[in-house]
Amino acid sequence: MAEEPCQCSDCQRFYKEHDRLIREFPTFKQQQELNWASIQSFRTLCTKITDDLQRELSERESNEDNILKENHISDKEITEALNELESVNAYLYSIEALMERIFETKISNNIESKFKELANELAPDPLNIDRLILNRLFHQTPDSPDKKNIN
Ligand SMILES: [Zn+2]
């Protein structure tokens, strides 16, 4: 029995982005590079924020005058964020190690052509019926975005 794909704004945004990434990066090599760059940029940003928050926290601890200033972010907020970001950075590091293995894989030109061909079928123009079917398939996967990020 067919289930209607969820059409909430989060899911729609996900479907759209998912299809765009297939359409714009239709080869194995492009997906390798895209995902590698994506993990790296996420890690770079998280590491930078972590360093900055740690520096701010230690400056506050060593400088009593800061207590008199109006702190935009509370110490508690910084400490909590640092704990979260520490876990995220560890996960990203693990993902990067796995991505490295994927990055080493080489695909022949004939297989790359197959990737392009099927990418066209998977992610045609946004209002195509295939897209709606695909959206439904993704909605049924246990890690669809509307089931995560619920705090
Ligand atoms: Zn939804």
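The dialogue below goes through some terms used for this predicted model.

Tutor: Residues are numbered from 1 along each chain as its sequence is written, and side-chain values use heavy atoms, with hydrogens and water left out. The model is predicted, so local features need pLDDT of at least 70 and side-chain atom pairs count only at pLDDT 80 or more, while totals for chains, interfaces and linings use all residues.

Student: What pLDDT does the protein average?

Tutor: The average is 85, and 80% of the residues score at least 70. pLDDT is the predictor's confidence in each residue, from 0 to 100. Over residues 147-151 pLDDT stays under 50. For that stretch the model has 4 contacts beyond four places in sequence, where contact means heavy atoms within 4.5 Å.

Student: How many helices and strands are there?

Tutor: The protein has 5 helices and 0 strands, and its pattern along the sequence is α-α-α-α-α. Helices (H or I, at least four residues) and strands (E, at least two) are DSSP runs, numbered from the N terminus.

Student: Why is α2 called roughly antiparallel to α3?

Tutor: Two packed helices are described by the angle between their axes and the distance between the axes. Here the axes of helix α2 (residues 28-62) and helix α3 (residues 75-103) cross at roughly 155 degrees and come within 9 Å. Axes are lines fitted to C-alpha atoms, for helices over the stretch in contact, and angles run from 0 to 180 degrees between N-to-C directions. Angles under 35 degrees count as roughly parallel, over 145 as roughly antiparallel, 65 to 115 as roughly perpendicular and the rest as oblique. The crossing angle of roughly 155 degrees therefore makes α2 roughly antiparallel to α3.

Student: Which residue classes make up the contact of α2 with α3?

Tutor: That contact has 18 nonpolar, 8 polar and 7 charged residues. Ala, Val, Leu, Ile, Met, Phe, Trp, Tyr, Cys and Pro count as nonpolar, Asp, Glu, Lys and Arg as charged, and the others, Gly among them, as polar.

Student: What makes T50 count as buried?

Tutor: T50, in helix α2, has 10% relative accessibility. Buried means under 20% relative accessible area, exposed over 50%, partly exposed in between (1.4 Å probe, protein chains only). At 10%, T50 is therefore buried. Leaving aside neighbours within four places in sequence, T50 is in contact with L82, L85 and N89.

Student: Is A123 buried or exposed, and where is A123 found?

Tutor: A123 is found in the loop between α4 (109-122) and α5 (129-140). Its relative accessibility is 1%, so A123 counts as buried. Beyond four places in sequence, A123 is in contact with D19, I22 and R23. The C-alpha atoms of A123 and D19 are separated by 5.0 Å, although the two are 104 residues apart along the chain.

Student: Why is E24 called partly exposed?

Tutor: E24, in helix α1 (residues 9-24), has a relative accessible area of 44%, so E24 is partly exposed.
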